[in-house]
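Subject: Structure for you to look at

Hi,

Here is the structure I promised. Please open it alongside this email. My notes follow below.

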Amino acid sequence: MADFVGAIDQGTTSTRFMIFDRAGHEIGRHQREHRQILPGPGMVEHDADEIWENTLKTIDGALAGAGLTAADLAVVGITNQRESVLVWDRRTGRPCHHVIVWQDTRTAAMIPALDADLLRERTGLPPATYFSATKVRWLLDNIPGLRARAEAGDVLFGTMDSWLIWNLTGGRHLTDVTNASRTQLMNLHTLDWDDELLRLFGIPRAMLPEIRSSAEVYGHAAAGLPGVPIAAAIGDQQAALFGQTCFAPGEAKCTYGTGNFVLLNTGTTPVRSTHGLLTTVAYRFGGDAPVYALEGSIAATGSAVQWLRDQLGIISSAGGSEELAAQVEDSEGVCFVPAFSGLFAPYWRPDARAAIVGLSRYHTAAHITRAALEAICYQTRDVVAAMARDSGTALDCLKVDGGVTANALCMQLQADILGVLVSRPAVAETTALGAAYAAGLAVGFWTSPEQLRANWREDRRWRPSWSPERRDEGITRWRAAIDRTLDWVSVG
């Protein structure tokens, strides 16, 4: 067997290809950003062809940079932005429309009419624009002739894992249970498409991919990586949970990217949330029983820092947020709630909009920037508190990964606001690593989860330093700021 494993990490703002060895060390990577297409307020789209072309370029770039060829890879796994949807022609493979991205809120008017109890019982998810089903419905309702083509089986629907598998394998139409669980069309109990949900959203079954496990050989690459097995597809946040080796119930991770996602392993029994969280499939390998998770999804994390850079111009780079925020001891009462597309977990308030409150003439760009970093941490704290109420288990450590973890000030604030240890692994890109691990297990490159756990290494940890009184004061102020963002726009 070849000595390395590859992973395609198709994210919201970029696509990367990474190569790992048996110890989980990074051997090579190449990354390319793609355009964020914003056709109107609340609308976010991607060009699927651009993403596919970038995927091929990142594969070539990573292999060349590492001095390897496709023959040096034993297997490749895929991880991807979830919920984002694409419809393409079965015969030509051409997209029928741009990808509608998970952040897109154009379907807000559909949400009030949905049966919340049915959706939560069948899918573990609340009615929200976040998930795939309303986006597919919008495409079928708004692209002339598309519904008739879908009913005839002439067009296909998929999340980004399906699009990549289709192109890599020369036409296999598949998805895995983790991505299917985010469409709001899969029954969480049967792990299959649900006919009643398909009727609810008006989506023909003929356009849906086959649901498979997260780790099995789906086919061999015909393009990009000729002959290499494609043996994993796993949604990005579940991949990060796996890459962080959170294999035991009660273990949790938080990935900080464009958004912020906290997942808690709850074992082989799904835990129903009554506090605003999502019940989702964490992973399923081969014929094993599925493992479930509670998830708190937060819409704006890294994107809040990008807003300070791109829209306000008060920092020149995302990394500059740490230096600027460190110029002040605290935010001096300023709160920034980055509800640019409403609030996700645990609030689920599409009517909310972003606000910076508590400003006086004394405050500077440094205070606003520090408030943005605190917002990342307070949003995470809201989700972790809801998880403790739902699961009956309080965290004693939060494993963290993703780009924001390079900001040491933000991670110290996270430990302070949570009041628990925060631990960053040596391999920060655990999303790609999780996809590599899943693919490697599928073909015997690694033999057991225990072998993967032995690979995990801590890079740095942060311990809480705030007093309980300071923490409570900050939480009270944050809640007051949240209240001021609500009922800002009309929904439905």
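Start with Tyr130. Beyond its neighbours within four places in sequence, Tyr130 is in contact with Arg82, Glu83, Trp102, Lys135, Arg182, Phe261, Leu278, Glu295, Ser297, Phe344 and Trp348. Keep in mind that this is a predicted model. Tyr130 sits in the loop between α2 (116-123) and α3 (132-142). Its relative accessible area is 1%, so Tyr130 is buried.

Tyr130 is also annotated. An unreviewed UniProt entry gives the feature "binding site" for Arg82, Glu83, Tyr130, Asp236 and Gln237.

Next, Gln237. This residue is in helix α8. Gln237 is buried, because its relative accessibility is 4% and the cut-off for buried is under 20%. Leaving out residues up to four places away in sequence, Gln237 touches Arg82, Lys253, Thr255, Phe261 and Leu263. The side chains of Gln237 and Asp236 are joined by a polar contact of 3.4 Å.

Helix α8 (residues 236-243) packs against another helix. Its axis comes within 7 Å of the axis of helix α13 (residues 430-443), and the two cross at roughly 75 degrees. Angles of 65 to 115 degrees count as roughly perpendicular, so α8 is roughly perpendicular to α13. On the α8 side, the residues are Asp236, Ala239, Ala240, Phe242 and Gly243. They meet Thr430, Thr431, Leu433, Gly434, Ala435, Tyr437, Ala438 and Leu441 in α13. By class, this contact has 8 nonpolar, 4 polar and 1 charged residues.

There is a second annotated group. The unreviewed UniProt entry also places "binding site" at Thr12, Thr13, Ser14, Thr258, Gly302, Gln306 and Gly403. These positions spread over 392 residues of sequence, yet they cluster in space, with a largest C-alpha distance of 14.3 Å.

Ser14 is found in strand β2 (residues 14-20). Its relative accessibility is 7%, so Ser14 counts as buried. Apart from neighbours within four places in sequence, Ser14 is in contact with Asp9, Gln31, Arg32, Glu33 and His34. Gly403 lies in the loop between β21 (397-401) and α12 (408-418). Gly403 is exposed, at a relative accessible area of 54%.

How many residues of helix α5 (residues 160-169) are buried? The count is 10 of the 10, so α5 is largely enclosed by the rest of the structure. Among them are Trp163 and Trp166. Just after α5, Gly170 takes a positive phi of about 80 degrees.

Last, some backbone points to check. Most residues other than glycine have a negative phi, and most peptide bonds are trans. The peptide bond from Ala345 to Pro346 is cis, with omega near -5 degrees. Pro346 lies in the loop between β19 (335-337) and β20 (355-357). Trp348 is also placed in the loop between β19 and β20. Trp348 is not a glycine, but has a positive phi of about 55 degrees. With a relative accessible area of 15%, Trp348 is buried. Gln184 is not a glycine either, and has a positive phi of about 70 degrees. Gln184 lies in the loop between α6 (177-180) and β10 (186-187). At 1% relative accessibility, Gln184 counts as buried.

Best wishes

Notes
Residues numbered from 1 in each chain as written. Heavy atoms only, no water. Axes fitted to C-alpha atoms, helices over the stretch in contact; angles between N-to-C directions. Helix = DSSP H or I, 4+ residues; strand = E, 2+ residues; numbered from the N terminus. Parallel < 35°, antiparallel > 145°, perpendicular 65-115°, else oblique. Contact = heavy atoms within 4.5 Å. Nonpolar A, V, L, I, M, F, W, Y, C, P; charged D, E, K, R; others polar. UniProt positions renumbered as here; feature names shortened; annotations may be inferred. Buried < 20%, exposed > 50% of the residue type's maximum accessible area, 1.4 Å probe, protein only. Polar contact = N/O pair within 3.5 Å; in protein donor to acceptor, adjacent residues only side chain to side chain.
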